[in-house]
Structures are given as structure tokens and as C-alpha cells.
Amino acid sequence: MAQSRERFEGLQRELLLLTRYELSSRQRDGGAALERSAHLLLTRLAAQGPMTIAELAQAFALDTSTINRQTAALLREGLARRVPDPDGGMARRLQMTEEGARRLADREQRSREGLAAVLAAWDPADVEALEESLTRFNQSIEARTGRSWPRPAGGGPAGPQGTPENGAG
């Protein structure tokens, strides 16, 4: 086991630093910054469309009380709204508002700009290899946990196209 710990020590440190750098970039976003939970929830709603609290809790493996608090913040900020279930169910669904979509698009654009600046000196093949490795890494986590993140078909930006096969159901 000591060998495994030593083997992954560097990777663990680099992943920790990666989350630190992402957090520091949000601090520079100014007044329109999205909290991490808001960013994740809005990204999921953009990929899947309106979802119930129970569906969001299952998707993120969080307690419904945690999702309730996080979605309450989205509702207060006007980033999401409650809508009736189109299938006639009793539970209401959370849907992203135009303001939520605008703020999410703005955050995503700033993130891409930051990535472009950091990777400007990298060879394009190295950037592609990094993306492929991170995709494989995330898919391994998803397979281990049984929770997939909806991914776009054909590699384009995520859209509302989740299916039960890719964990969006």
C-alpha cells in the first residue's frame, strides 16, 4: 500500500492545486461570479433541461437538503425558476432562466479565455492529450460511482440531450 501512496502522491498534489487555481480564477470574476455550486447546478440544467430536486440530489450524490439550499440560492438570484413537471407529476422542476443562461455563458467564456491564456505556449497536440486524459479520468470516476455526467454527442458543447445511458435520466 505504501507503494501506491507514493505512486499517486504527485498526482494528488497536482489535482489539489488544480482546484485551488480554479477557485482563485472565480475570485477575479467580480460581482457576477457564480458560486461553485451554482456553476455546477446550472451546467447540469443546461445539459439536461429542467430537473427535480430529487433528480439533482441523485445526480450529484448529495442530500436533498443540501440541494434545496443550493437551489434556493439560484432562485433568489433569479438564475433558475420552478416550473411544472411537463409529464404531469407533482414535483416541480428547476429550470434555468435567461439570466442564469447568460451568467453561465459568461462564466464559461471567461474560463475558456483563462485556459487559452494558460495553454498559449502549449503544442495543440499536448492540449488535446490533456483533454483526452482528463476525459478518461472523469469517465473512470463516473464508472466507479455509477453517475455519469451528460456529455455532448460528437464532442461539441453540452446541450440538453441527456439520456439514461449517459446518466442523464
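Start by selecting Glu55: this residue is partly exposed, with a relative accessible area of 23% (buried means under 20%, exposed over 50%, partly exposed in between, using a 1.4 Å probe and protein chains only). Before going further, note that this is a predicted model, where local features need pLDDT of at least 70, side-chain atom pairs count only at pLDDT 80 or more, and totals for chains, interfaces and linings use all residues. Residues are numbered from 1 along each chain as its sequence is written, and side-chain values use heavy atoms, with hydrogens and water left out.

**Stop 1: the partners of Arg93**

Glu55 sits in helix α3 (residues 53-60) and Arg93 in strand β2 (residues 93-96), so the pair links distant parts of the chain, 38 residues apart. Helices here are DSSP runs of H or I with at least four residues, strands are runs of E with at least two, and both are numbered from the N terminus.

Arg93 is buried, at 12% relative accessible area. Now select Asp85, which also forms a salt bridge with Arg93, with the closest N and O atoms 3.5 Å apart. Asp85 and Arg93 are both buried. Show the three residues together and you have a network of salt bridges linking Glu55, Asp85 and Arg93.

**Stop 2: along helix α5**

Next, select Glu99 and Arg102, whose side chains meet in a salt bridge of 2.6 Å, N to O. The two are three residues apart in helix α5 (residues 98-118), which means that about one helical turn separates them. Glu99 is partly exposed at 30% relative accessibility, and Arg102 is partly exposed at 44%. The whole structure has seven salt bridges.

**Stop 3: where α2 meets α4**

Select residues 36-48 (helix α2) and 64-76 (helix α4): their axes come within 10 Å and cross at roughly 90°. The axes are lines fitted to C-alpha atoms over the stretch in contact, with angles from 0 to 180 degrees between N-to-C directions. The two helices are therefore roughly perpendicular (65 to 115 degrees). Show Ser37, Ala38, Leu41 and Leu42 of α2 against Ile67, Gln70, Thr71 and Leu74 of α4, which make the contact (heavy atoms within 4.5 Å).

**Last stop: zoom out**

Color by secondary structure to see six helices and two strands, in the order α-α-α-α-β-β-α-α along the sequence. Buried residues make up 24% of the 169 residues.

Terms used. Angles under 35 degrees count as roughly parallel, over 145 as roughly antiparallel, 65 to 115 as roughly perpendicular and the rest as oblique. A salt bridge is a side-chain nitrogen of Lys or Arg within 4 Å of a carboxyl oxygen of Asp or Glu.
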